[in-house]
Amino acid sequence: MPKIKTHTGAKKRFNLTKTGKVKRAHAFKSHILTKKSTKRKRGLRQGAYADKTNVAAIKKLIPYK
């Protein structure tokens, strides 16, 4: 079997934990930050886990991570 190519966009956005969960960052933190409250921006700094409905698709995109 040939090797599977890693999706370059996905490898920059997702990481796998030791238990197999998919880590991701929050969106809406790059620009237009003046109208967002400090509390909201602080919450967006925290990491999050991908929803279980998307995990299988993401893992296919990053097979060697």
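In which strand does Val22 lie? In this predicted model, Val22 belongs to strand E2, which covers residues 22-24.

View 1. Val22 has a relative accessible area of 1%, and because buried means under 20%, Val22 counts as buried. Leaving out residues up to four places away in sequence, Val22 touches Phe14, Asn15 and Leu16, then Ala48, Tyr49 and Ala50, and also Val55, Ile58 and Lys59.

**View 2. The open sheet of three strands**. The strands follow the order E1-E2-E3, and their pairing is antiparallel. Strand E1 (15-16) and strand E3 (48-49) stand at the edges with a single partner strand each, and therefore one side of each has no neighbour in the sheet.

**View 3. The pairing of E2 with E3**. These antiparallel strands are joined by two bridges, and Arg24 stands opposite Ala48, a residue of E3.

**View 4. The largest nonpolar core**. Seven residues make up this core, namely Ala10, Phe14, Val22, Ala50, Val55, Ile58 and Ile62. Within the set, Ile58 is in contact with Phe14, Val22 and Ala50, when its neighbours within four places in sequence are left aside. As a general background, nonpolar side chains in soluble globular proteins tend to be buried together.

Technical notes:
Residues are numbered from 1 along each chain as its sequence is written. This is a predicted model: local features need pLDDT of at least 70, side-chain atom pairs count only at pLDDT 80 or more; totals for chains, interfaces and linings use all residues. Side-chain values use heavy atoms; hydrogens and water are left out. Helices (H or I, at least four residues) and strands (E, at least two) are DSSP runs, numbered from the N terminus. Buried means under 20% relative accessible area, exposed over 50%, partly exposed in between (1.4 Å probe, protein chains only). Contact means heavy atoms within 4.5 Å. Two strands pair if DSSP finds at least two bridges between them. A nonpolar core is a set of buried Ala, Val, Leu, Ile, Met, Phe, Trp, Tyr and Cys residues joined through side-chain atoms within 4.5 Å.
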